[in-house]
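Please read the points below alongside the sequence and the model. They are short notes for a colleague.

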Amino acid sequence: MLPDPGGDEPFIDIRQDGHGTLNVWVARDGRHDHFCFALTAQHIVAAERSALRRWAVFAVLFGELAVFHPDAAPARPPGECRRVIDTILGGTDYEVEQYLTMMNKRFLGGLRDSLALLCEADLTRSRDREAFEKRLWFGVESLIINDAERARRAQEAEGRAAARATAVRQAFEPYNDALHMAERDDVVQRAIDLLGSNPVISEFEVGAPAHHDRYLTFGSGGEIMLRDGAVTAILFHVQPTEAAPHGFTGLSTLIPGLSQDASGSQVEEALGEPIVGRTGPNATYPVGDGFLKVFYDARAKKDAPGHLKLIQMTAEDTYAKTDPADERCPGCAGMLIRTTSASDGADVDATITALHDGVAAGRLRQAHKWVALDDMLRLHDSGLMEHVEAQLGCTICHRHIFFALHRDADPTFEYVSLNDACRRTPERVPPVERWGDAARIAREAQRPERIATDGNTWVLFSKGKHLFMNARCWYSAVEGSRLIRLDAAEVRQYQRDGEAYLSRLQEKINRTWTSDDDTWRSRDLTRSGMSDEEAIEASVAAAQEEQE
């Protein structure tokens, strides 16, 4: 395969089994180092089909290995250059464009620098070397487009994007029109006809005050969700469900070219650019007057095929709200236990028990700045608070539950998003001496005491003769903490240097928080669903049991 073996030119040696080897020689200190890269049959087919792609991988590899300067070390180890080969020879055209765009500045600048160094360091290069240099530049020139060509390509891309947006809008228009409409409306009946016939109908009450939910589940994998008589969402279950053992098999008809095992980039190629600035594995696309939210398996690796899970269509963007698809979350659905006398009333004792069980099973986490579940009834009976409210977060769908006992109204139970939960302010809880019994007051007196804090990055607790510190940790947009018990040496340092030492200690803990060799991880007392005080009490109790 061109170029031919020999000299300083890279070449591909193809074996009879269809696989091959990319050979690259790097000249340094009077010798030629030989690097070999194994290529699959798919790589070779792509290289044979596209001369531009072949020259791109050769040029990038030369830039990565710094082959034009005998004294320069490789920019990357040769083993890592396999990723370049996989991307350029084995990837889709879109992936190649993305990679070359990302590498453009370093690739072009590095190549120019290498050629300049070559002219200074190798004045006696052969005519064959000069010919190869010209051919290499010829292969690279097509990647350096002028403004007119760039404008033409941009115009073509805009035209393709507009045509794709029109096609997607028309494909989902019958479903978009059905949103917010009553079930008996003609547009809803049209959507029902498109999804199939004889749907399985399920109905139940959600929250308190109660909302009436009605689901129409089709064997095709489609589903229509109604709340209080109006359509709130239309779902397309791509993966198999109990009602649709093969998933939504009509996906390729609804969105041409999109299969059930599509990757994230293939979904984006079919639907267009998602709304930017979002975090998390899911993506939202504006379609007409509505929004498509595409869900992927939580375990999916970046852009891996076969992890497309669900497509949800709603009239509103649910990024900062709860998703209708979460109403049947196995972690938090059904936590509200209703009384037998009224369908929309709450059995307070049974609901508190159900929430306790959810916390114990790890499906829910208590928000500790709100009222504890164990204290709700006693505080409510005291009449000291207008609203006795507990907040819990679901570990599966990440919604938040607010369960409240009101002084002059019926209990309320609602699911809200993190965005809405952060906007709420808990009512101040009166001192425990005003509402707790003797056992509760005694238990409060034994709780760890907060004795110092810098207000932002660390909190120091005291429990008996022991000191504990919660060190806030963060990396980019990810945040967490380490809760550690200070050892004897750390206590002496604190006694000598005061709060300045705790600030230095927090910086030290934060420095290795995301590292694989984090030495503080083994000392972390944090437990799922526990507050710092509860984790400290559990640690002290465990230490006492070991001593006994």
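1. Basis. This is a predicted model, in which local features need pLDDT of at least 70 and side-chain atom pairs count only at pLDDT 80 or more, while totals for chains, interfaces and linings use all residues. Residues are numbered from 1 along each chain as its sequence is written, and side-chain values use heavy atoms, with hydrogens and water left out.

2. Whole chain. The protein chain contains 16 helices and 18 strands; helices (H or I, at least four residues) and strands (E, at least two) are DSSP runs, numbered from the N terminus. Of the 548 residues, 41% are buried, where buried means under 20% relative accessible area, exposed over 50%, and partly exposed in between (1.4 Å probe, protein chains only). Among contacts with a separation of 6 or more, 52% are between residues 24 or more positions apart; contact means heavy atoms within 4.5 Å.

3. An open, antiparallel sheet has the order E4-E5-E6-E7-E10-E9-E8. Strand E4 (200-206) and strand E8 (283-287) each have a single partner strand, so one side of each is left without a neighbour in the sheet. Two strands count as paired if DSSP finds at least two bridges between them. On average, neighbouring strands of this sheet are turned by 20° against each other, direction ignored. Axes here are lines fitted to C-alpha atoms, for helices over the stretch in contact, and angles run from 0 to 180 degrees between N-to-C directions.

4. Strand E9 (residues 290-296) and strand E10 (residues 308-314) run antiparallel and are joined by 6 bridges. Phe295 has Leu310 in E10 as its bridge partner. Helix H7 (residues 186-195) packs on the sheet and touches strand E5 (211-217), strand E6 (222-227) and strand E7 (230-237), at about 150° to the direction of E6. Helix H9 (residues 264-271) lies across E8, E9 and E10, at about 165° to E9.

5. The sheet of 4 strands. Another open sheet has the order E11-E12-E13-E14 with antiparallel pairing. Its edge strands are E11 (364-366) and E14 (412-416), each pairing on one side only. The twist from one strand to the next averages 25°. Between E13 (residues 400-406) and E14 there are 5 bridges, and Ile401 stands opposite Tyr415 in E14. Helix H10 (residues 348-360) lies across E11, E12 (387-394), E13 and E14, running at about 150° to E13.

6. Salt bridges. The whole structure has 22 salt bridges, each defined as a side-chain nitrogen of Lys or Arg within 4 Å of a carboxyl oxygen of Asp or Glu. Glu223 and Arg328 form one of them (2.6 Å, N to O). This pair links Glu223 in strand E6 with Arg328 in the loop between E10 and H10, 105 residues apart. Glu223 counts as buried at 1% relative accessibility, whereas Arg328 is partly exposed at 40%.

7. Arg424 and its partners. Which side chain meets Glu389 in a salt bridge? It is Arg424, at 3.1 Å, N to O. Glu389 lies in strand E12 and Arg424 in the loop between helix H12 (418-422) and helix H13 (438-445), so the pair ties together parts 35 residues apart in sequence. Arg424 also meets Glu414 in a salt bridge (2.6 Å, N to O). Glu414 is in strand E14, 10 residues from Arg424, and is partly exposed at 32% relative accessible area. Salt bridges that share partners also join Asp213, Arg227, Glu327 and Arg399 into one network.

8. Asp532. This residue is in helix H16 (residues 532-547). Asp532 is buried yet has no salt bridge, and the nearest side chain of opposite charge, Arg450, is 5.2 Å away. For charge, Lys and Arg count as positive and Asp and Glu as negative, with His and the chain ends not counted. Leaving aside neighbours within four places in sequence, Asp532 is in contact with Phe461, Asn470 and Leu483.

9. Ser481. Strand E18 (residues 478-485) holds Ser481, which is partly exposed with a relative accessible area of 25%. Not counting residues up to four places away in sequence, Ser481 touches Asn470, Ala471, Arg472, Cys473, Trp513, Asp524 and Thr526.
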